[in-house]
Amino acid sequence: MSDATAPEPPGANRPFAKRMMRKLQDNWRSVIIAIPFFWLLFFFLAPFFIVAKISLAELAIASPPFTKMVEWTDSGIMTIRIVFDNFTYIFEDSLYFDTYVNSLKISVTSTIICLLFGYPVAYAIVRSGPVAKPILLFLIILPFWTSFLLRVYAWMGLLADQGTINNLLIALGIIDEPIRMLYTEFAVFVGVVYTYMPFMILPLYANMEKLDGSLNEAAADLGSRPTNTFFKVTLPLTIPGIVAGCLLVFIPATGEYVIPDLLGGGNVNMIGRVLFNEFSRNSDWPVAAAVAIVLLFLLVLPIMVFQYYQGKASEAD
Amino acid sequence: MYGKRSRFLTIMLTLGLAFFYIPMIMLVIYSFNYSKIVPVWGGWSLRWYNELFQSQEVWEAVSLSLQIATLNATFATLLGTLAALAMVRFGRFKGRTLFGGMIVAPLVMPEVITGLSLLVFFISLNELIGWPAQRGFTTITIAHITFSMAFVAVTIQARLTGMGQDLEEAAADLGAKPFKVLTAITLPRLTPALVSGWLLAFTLSLDDLVIASFVTGPGANTLPILIFSRIRLGLRPDINALATIIILVIAVCVAIAAILMLRQQRRDLRDQQLAAGEG
Amino acid sequence: MAVVPPAGAAALAPNSLQTIVRHGLNGTQTVSDTPWLDQDGQKPLVQIKGVSKKYGDVTAVDNVDLDIYSGELFCLLGGSGCGKSTLLRMLAGFETLNTGQILIDGVDMADVPAYERPTNMMFQSYALFPHMSVEKNIAFGLQQDRVPKNDITDRVHDILKLVELEKFKKRKPQQLSGGQRQRVALARALVKQPKLLLLDEPLAALDKKLRKQTQFELANIQEQVGVTFIVVTHDQEEAMTLSSRMAVMDAGRFQQIGTPTEIYEFPTSRFVADFIGSANIFEGRVSEDGADHITVQTDAVEIFIDHGQSLSVGSRIWVGLRPEKIRIIKSDDAASGLNQISGKVDDIGYLGETSIYKVELPNGQIIDITAPNQSRPMDREQRITWEDKVMLSWDPSSAMLLSS
């Protein structure tokens, strides 16, 4: 380490070389940061500004079908046109407003069903023996990796008028005429609960698994019955898992497109579907953009709650 | 936390698993149905598999989807890892909050919004600089990288945080320069997370319908787009056959992964016994 | 609590260390054991000057100064959060300084990154690379210095011999026991022949029996390789066994620096007296200040001390008395001399080799006395039991003057 025996005075070249090395190191880090940073800036953030811009424009018969925000008049004067009509239109037109409410109704209800059903399942896995546990976990994770689209399709086969359930019920003599299930709101509920259930079970499982088993024993030792222990000890301690699971179900369910389209047919309107159709038919882009912006704000709130909880959880560690 | 499983819990567990698997089992069974109308049983047959294999359209979609998924997984893992390193290991830097926000945002963003904003972006970009002239392979890949890198970044971030910084500090203490620390210590330790990140990105891409539908162009049909366009009109036996094959492939892959993990666990156990034996 | 001299127990063959610098091993313990005394104008190896470190509003290290000389085994002792680990990490280069300066061998370390410092660290978690074998772990540091391959092989071989792990060189860290991992961590840090070895709680992860044995081994290895050690520990017994000199730290400051004997026998503050071993503390005022003695009048008793600095009469002072330095006999007499006081046994704890007596003094204060159980407690007449009247006494040299 010591440069005492070096022929040239050590102070002369060394600091410069060192400075260069430092600079290189700093740049090396900057490069690592810059690549993903600019990718996201370019392909994630910039598109949103464009959507925001379009939501403030007017519909025009052109390609793309909206007016330009910034225009140069012939005399070289820049004019900026901002129109809030699209936003007022969304709230005045009952189609959009009702669709929002309907989306929220479906996603909130499905989240609650997922929680009521997923909680005991997660708890059952946690309480299983060392052999059964990994197998059960595997069985829960497997559908998670299986194609989302195909899982929805599987329910089409079950719920159709001529589907498995109706055929079975008729064969058993319970009903004479098939019950209409496919292309109803009921089918949408089933589809949402079915596809998002693993998102509820897995965070709950992860949370419960970390709980100290001796807490239950301590409660029992102090005279608490199992039911009481569950409500007084286990349930309060699994709130972080409940919050995480609910948000993981609620957020994607609200913007869902595939399930209402395939299982709801034309009969169930959800905001994701309206957006998709509005856009793919190339009709009213400014309004669709405004719908997207409103949906974004609708979802920003739960995300903030989520991050607040996560922040609190990491502080506690 | 093991313990007794009450009867209620066992019933719920059974119901849950039935709920998960009965639809898929029915899907598989009906793929072997001879009848053209899916729910009407017409005897066992491989007719639809045969039809499927002869469909040029299906093969093209499969090939396109696999190409996009591979490219996407590779780039998303690369970018996601860089992002995670920047967030966890580089301390404070300018724009860190914005960066962190942009990493988390795609996770909670409805696909519809991501898709439409990217579509609008590509159209505007085309007007501005004439690229991308046509939407399809490239635009889908870019869109997929953008949202799946966030998933990779979060996976790797969790792993990096869990690893702690002891080993990196030890390497620096032993004279390793920062870049050497990264290549000799951090990355090898990250390998399992990198593998699962890659697989996650791969699956996300294979699975995506909504974003791909937005940013695709004429002729570029990924497998989900193809499936969706067919089942939108009702049940189709050839899709049942396709679904069966996909489910089978995924089940085999996940099972292999599970077995590998189990082996690793056994190896760890053996190591512990070895250590205890000669302590 | 006995002070064990680190020298004397030799277990490892010194020849096995051709490549490791040895110095100061004289067999007799004279010069090399007290490098801070015979500096002969030589510079300290480590100079810590006015160093502070803050995390937000919390001051972890508060303006500390310390010189450590070549060949020392220096312990930083303190409770959790006292700043000892922060100080160690600043020496290693993992934490930046808010104020002050650290010099190692006369070179300011401010701009020297961790990977260029002439120090090596043994981590509390050991921080062994799990994807490398024992051998590769140890070779890692040498490879960074671009040491020729043959030299690396030789040096790794020698150090493995020193820590007696030759058989395990192909194993991965997770295939080793706790004690073996500890030795790999030590070997990995030592093989680079640092000027200064930093050890963060080196024995904390071992069980109690292994810890005691390893304490002596560590001191031996330090003596053989002659590298300066700085050890951070929260275990006072460990600090006393290992160190040639130690610093007691609290709230980011050094409370006292000295040899283990100095710290135990002559603590300067109530904190140190109570932190190292235990002490009965009496508050009082100086009643007489003689040429070779001092008398302190406390609530309970007048204490005569035949050492200590000169203090003005009437100034407030504390006096500490170690439980084992107080004699206890069964007696009904009233106290009649200096350093004598009568009391009543309030409680007894039987510890086997010793017993601990809690004695209530006339003013109500309860003090601890430990006494060896020299005879079996069968003789009912002599045995001290609950509610017995006892006479306590101590030597004029036993009491400790505590200034704060």
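Trainee: How many bridges join strand S11 to strand S14 of chain C?
Mentor: Six. S11 covers residues 280–289, S14 covers residues 316–321, and the two run antiparallel. Strands here are DSSP runs of E, at least two residues long, and helices are runs of H or I, at least four long, numbered from the N terminus. This is a predicted model, where local features need pLDDT of at least 70, side-chain atom pairs count only at pLDDT 80 or more, and totals for chains, interfaces and linings use all residues. Residues are numbered from 1 along each chain as its sequence is written, while chains are lettered from A and ligands numbered from 1 in the order in which they are written.

Trainee: Which residue in S14(C) stands opposite Asn280(C)?
Mentor: Leu321(C). Further along, Phe282(C) has Val319(C) as its bridge partner in S14(C).

Trainee: And how many bridges join S11(C) to strand S12?
Mentor: Five, again antiparallel, with S12 of chain C spanning residues 294–298. Asp289(C) faces Ile294(C) in S12(C). The two strands make a hairpin, with four residues between them.

Trainee: What is the strand order of the open sheet of five strands in chain C?
Mentor: S13-S12-S11-S14-S20, with antiparallel pairing. Strands pair if DSSP finds at least two bridges between them. Strand S13 (302–305) and strand S20 (400–402) of chain C are the edges; each has a single partner strand, so one side of each lacks a neighbour in the sheet. On average, neighbouring strands of this sheet are turned by 40° against each other, direction ignored. Axes are lines fitted to C-alpha atoms, for helices over the stretch in contact, and angles run from 0 to 180 degrees between N-to-C directions.

Trainee: OK, the six-stranded sheet. What is its order in chain C?
Mentor: S6-S7-S8-S3-S9-S10, an open sheet with mixed pairing. Strand S6 (119–122) and strand S10 (253–258) of chain C sit at the edges with a single partner strand each, so one side of each has no neighbour in the sheet.

Trainee: Do S3 and S9 of chain C pair in the parallel or the antiparallel sense?
Mentor: Parallel, over five bridges. S3 is residues 73–78 and S9 is residues 245–250. Phe74(C) has Arg245(C) as its bridge partner in S9(C).

Trainee: Which strands does helix H4 of chain C touch as it packs on the sheet?
Mentor: S6 and strand S7 (196–200) of chain C. H4 is residues 178–190, and its direction makes about 175° with that of S6(C). Contact means C-beta atoms, placed from the backbone, within 7 Å.

Trainee: How many helices and strands are there in chain C overall?
Mentor: Eight helices and 20 strands. Of its 404 residues, 39% are buried. Buried means 20 or more other C-beta atoms within 10 Å of the residue's own; 12 or fewer is exposed, in between is partly exposed, and C-beta atoms are placed from the backbone. Among contacts in chain C with a separation of 6 or more, 66% join residues 24 or more positions apart.

Trainee: What is the mean pLDDT of chain C?
Mentor: 84, with 88% of its residues at 70 or more. pLDDT is the predictor's confidence in each residue, from 0 to 100. Residues 1–31 of chain C stay under 50. The model has 52 contacts beyond four places in sequence for that stretch. Where pLDDT is low, the coordinates should not be read in detail. For the model, ipTM is 0.89 and pTM is 0.80.

Trainee: Why is helix H12 of chain A largely enclosed by the rest of the structure?
Mentor: Seven of its 10 residues (271–280) are buried, so the rest of the structure largely encloses H12. Among the buried ones are Arg273(A), Phe276(A) and Phe279(A).

Trainee: Is Leu248(A) buried or exposed?
Mentor: Buried, because 21 C-beta neighbours lie inside 10 Å. Leu248(A) is in helix H10 (residues 239–254) of chain A. Leaving out residues up to four places away in sequence, Leu248(A) touches Phe199(A) and Pro203(A).

How values were computed
Two residues are in contact if their C-beta atoms, placed from the backbone, lie within 7 Å.
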